[in-house]
Amino acid sequence: MERILTYFPELSETQRWQFGALYELYTDWNAKINVISRKDIENLYLHHVLHSLGIARLIRFKEGSSVMDIGTGGGFPGIPLAIFFPDVTFHLVDSIGKKIKVAQAVAESVGLTNVTFRHGRAEEEKQLFDFVVSRAVMPLADLVKIAKKNIKKEQSNALPNGLICLKGGELQHEILPFRQKAVMEELGDYFDEEFFKTKKVVFVPLV
């Protein structure tokens with residue numbers, strides 16, 4: 001939790017409480033339904049919460065924006081972002097029902113009212129959003145193909161509407177088809193921890 005406050009000291013008391021509650025909630029749920037690797041639960045704040053908030057280093061969503069999180073799993077990056085942006089609505093989608101169940105329970109426990117959930121494939125989602133976010137391992141081209149149909153034409157944010165995803169490793173080949181318009185930021189430029197050395201946030205405008 002201290003890590004979160006190091007990088008985001010402006011959090012309100014409510015947000016501090018919400019972030020602080022996540023460890024116990026995820027530890028408890030993870031013992032019943034495995035949404036985070038058992039070995040990795042100790043690193044919840046670094047590997048999952050702070051990593052999700054890497055998106056807030058790229059963009060501060062305007063009040064009233066709408067965001068869909070595809071392949072959310074147990075709620076990443078959607079739940080940390082929903083805590084961080086209480087005036088933005090988030091729609092979390094995953095094809096695995098028990099993972100959505102965990103994300104839903106965690107959101108309810110910390111009193112999030114700006115989050116909706118869907119158990120199903122992102123390909124089937126028809127609603128429109130300002131942005132689609134993902135921490136999925138899917139190749140960038142596949143994410144773009146899925147996200148395209150869900151992006152609103154009207155824009156109100158500093159960045160054009162589009163896809164924002166958290167990726168790791170060597171991405172030059174993946175980003176090649178989008179290189180003229182894509183933006184890739186190194187999370188290691190924002191966060192000091194070793195974990196972020198190979199992590200990136202990638203933005204592809206889709207309007």
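Val67 sits opposite Phe131 of strand β4. That pair belongs to β1 and β4 (residues 131-134), parallel strands joined over three bridges. Pairing here requires at least two DSSP bridges between two strands. Helices (H or I, at least four residues) and strands (E, at least two) are DSSP runs, numbered from the N terminus.

A word on the source: this is a predicted model, where local features need pLDDT of at least 70 and side-chain atom pairs count only at pLDDT 80 or more, while totals for chains, interfaces and linings use all residues. Residues are numbered from 1 along each chain as its sequence is written, and side-chain values use heavy atoms, with hydrogens and water left out.

Stay with β1, residues 66-70. Five of its five residues are buried. Buried means under 20% relative accessible area, exposed over 50%, and partly exposed in between, with a 1.4 Å probe and protein chains only. Which way do the β1 residues point? Ser66, Met68 and Ile70 go one way, Val67 and Asp69 the other. In a regular strand, side chains alternate between the two faces of the sheet.

β1 also pairs with β2 (residues 89-94), in the parallel sense, over five bridges. There, Ile70 has Val93 as its bridge partner.

Now the whole sheet. It is open, has seven strands, and runs β3-β2-β1-β4-β5-β7-β6 with mixed pairing. Which strands stand at the edges? β3 (115-119) and β6 (183-186) do; each has a single partner strand, so one side of each lacks a neighbour in the sheet. From one strand to the next, the twist averages 20°. Axes are lines fitted to C-alpha atoms, for helices over the stretch in contact, and angles run from 0 to 180 degrees between N-to-C directions.

For antiparallel pairing, take β5 (residues 162-168) and β7 (residues 199-205), joined by seven bridges. Gly168 stands opposite Lys199 there.

What lies on the sheet? Helix α6 packs against it, touching β2 and β3, and its direction makes about 165° with that of β3. Touching, or contact, means heavy atoms within 4.5 Å. Helix α7 (residues 140-147) lies across β1, β4, β5 and β7, at about 155° to β5.

On to helix pairs. The axes of α2 and α3 come within 12 Å and cross at roughly 120°. The α2 and α6 (residues 97-109) axes come within 10 Å and cross at roughly 140°.

Val35 is in the loop between α2 (13-32) and α3 (44-52). Its relative accessibility is 16%, so Val35 counts as buried. The C-alpha atoms of Val35 and Gly74 are 5.5 Å apart, though 39 residues separate them along the chain. His51 is in helix α3. It is buried as well, at 6%. Beyond four places in sequence, His51 touches residues including Arg135, Leu166 and Lys199.
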